[in-house]
Amino acid sequence: MPHDWRDSVALTERQSLVRRSIRELCAEFDDEYWRTRDREETYPQAFVDRLAADGWLGMLIPEEYGGVGMSTSEAVVMMEEIAGSGGGFAAAQSIHGGIYNSVPIVNYADEEIKRNLLPKVAAGEKAIQAFGLTEPNAGSDSTAMTTRARRDGDEYVIDGEKVWISRVEASDYLVLMARTTPREEVDKRTRGISMFLVDLADAYDDGLDIERIPKTAAPAVHSYQLYFDGVRVPADRLIGEEGEGFYQVLDGLNEERLVIAAECLGLGEVALERGIEYANEREVFGGPIGANQAIQHPLAESYADLLAAKKVIYDAADRLDDLERERAGAEANVAKYLAADAAFGAADAAVQTHGGFGVAREYDVERYLREARLTRLVPITQQLALNYLGERVLDLPRSY
Ligand SMILES: Cc1cc2nc3c(=O)[nH]c(=O)nc-3n(C[C@H](O)[C@H](O)[C@H](O)COP(=O)(O)OP(=O)(O)OC[C@H]3O[C@@H](n4cnc5c(N)ncnc54)[C@H](O)[C@@H]3O)c2cc1C
């Protein structure tokens, strides 16, 4: 199947190189591979290892720490290709954390941690796949978190609960967000939160319990509830400044959101591709179903929606370094909002095009639809993305 309509944005030389390399690599993992991971709910470790073997997990790690030293404009290409290869959002999720959780380490960790750990992460020998922010009583309102980290001599003692934390079993480390000062005692709710690099093997020995959350979308990539009961973390594993962790997260948020938008885009593109293929092949009433405009228009509409999202994503990724943070935030939220909706529209159109076979596992489009539905919920819900635009861009009053 030619990719012409998918290659609609002009790329730089580096972006083209990323696209070519990732496309070739992903072609080693066919639909059956991803279908099986989805059905058996098994983590795509072979896929992750394959990307790691070619150094792609070090995508955003500077060369001096053993990485590739690329940036958001290349990361959007990489993640669009991964999702668009047929691996969908599950494939993207299995790589995304491995790339993005090293960013705060690069930006805020002590030199010793960086020198020791980052080359191993880039080589795929150690994984920082898990990031722990969300809590049962603090979802979208993440500063309401109550997980506490209390200083005790050379250690911090962690107590509390996290929920929906992905890839914990595939990770050596967890980047954990916890309150070092309770919300009632800080002048701004965004203060008093700190970031820790938790060695998971030590934490399990010391009172960390995890429980998998059964789920329908992207079940190959597991998410967990985490229970911390007096887990001790050495004080030198505090990343950055005590109490400033939330700002450290915000620092890389726009980049990450754009890249997730690119993952939604890739998912929508592969769903649309499958819809087009089936619309051309399947004959009912003596002709291809794609000749019916009731079939054709939703596919064409999806193409238009995906292209609009793509333009915003690529344009913003290109200019990100020159944009003020507020402007970058606006574009990243627009990109994520448009791309998640476009992915959902494309997957839904692909399912409808397949008729009854739309729900047959062998055609994959039902898998894409489950995943596309998820993209409207994570890592930020569509409503919260709109809240950002309403309040921060349109200057409407804040409701909460
Ligand atoms: C598969 C999966 C993987 C995840 N992985 C991770 C992970 O690795 N690490 C991590 O920390 N978190 C993770 N999350 C958590 C994810 O980021 C949250 O689920 C998400 O931010 C929404 O929070 P919530 O589920 O608590 O929803 P809630 O905050 O409870 O919101 C429920 C609903 O109310 C709406 N709502 C709430 N407040 C408002 C408002 N003011 N205005 C309008 N609407 C509002 C929301 O949009 C949503 O529709 C994951 C979640 C899933 C499902």
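Colleague: Into which domains is the protein chain divided?
Modeller: Domain 1 covers 4–122, domain 2 covers 130–245 and domain 3 covers 246–393. The bounds come from an automatic or database domain assignment. This is a predicted model: local features need pLDDT of at least 70, side-chain atom pairs count only at pLDDT 80 or more, and totals for chains, interfaces and linings use all residues. Residues are numbered from 1 along each chain as its sequence is written, and side-chain values use heavy atoms, with hydrogens and water left out.

Colleague: What describes the contact between domain 2 and domain 3?
Modeller: Their C-alpha centres lie 30 Å apart. The contact, meaning heavy atoms within 4.5 Å, takes 19 residues from domain 2 and eight residues from domain 3. About 1100 Å² is buried between domain 2 and domain 3, and carbon and sulfur atoms give 60% of that area. Buried area is the accessible area (1.4 Å probe) that two parts lose on being put together, summed over both.

Colleague: Why is R35 with D364 called a salt bridge?
Modeller: Their side chains meet at 2.8 Å, N to O. The limit is 4 Å, so the pair qualifies. R35 lies in helix α2 and D364 in the loop between α10 and α11, so the bridge ties together parts 329 residues apart in sequence. Helices here are DSSP runs (H or I, at least four residues), as are strands (E, at least two), numbered from the N terminus.

Colleague: Which salt bridge does E32 form with R35, and what network includes them?
Modeller: The closest N and O atoms of E32 and R35 are 2.9 Å apart. Both residues lie in helix α2 (residues 31–40), three residues apart, about one turn of the helix. A network of salt bridges links D31, E32, R35, R274, D364 and R367.

Colleague: Why is Y156 with F196 called edge-to-face?
Modeller: Rings of Phe, Tyr and Trp (its six-membered ring) pair if their centres lie within 6.5 Å; planes under 30 degrees apart count as stacked, over 60 as edge-to-face and the rest as tilted. The structure holds eight aromatic pairs. Y156 and F196 are 4.8 Å centre to centre with 65° between the planes, so the edge-to-face label holds. Y156 is in strand β3 (residues 155–166) and F196 in strand β5 (residues 193–199), 40 residues apart.

Colleague: How do you know that Y156 and F196 are buried?
Modeller: Y156 has 1% relative accessibility, so Y156 counts as buried. F196 has 0%, so F196 is buried.

Colleague: What makes R37 sit over the face of Y33?
Modeller: The charge rule asks for NZ of Lys or CZ of Arg within 6 Å of the ring centre and within 35 degrees of the ring normal. R37 lies over the face of Y33 at 4.6 Å from the ring centre, so the distance is inside the limit. Y33 also belongs to one aromatic cluster with F29, W34 and F47.

Definitions and conventions: Buried < 20%, exposed > 50% of the residue type's maximum accessible area, 1.4 Å probe, protein only.
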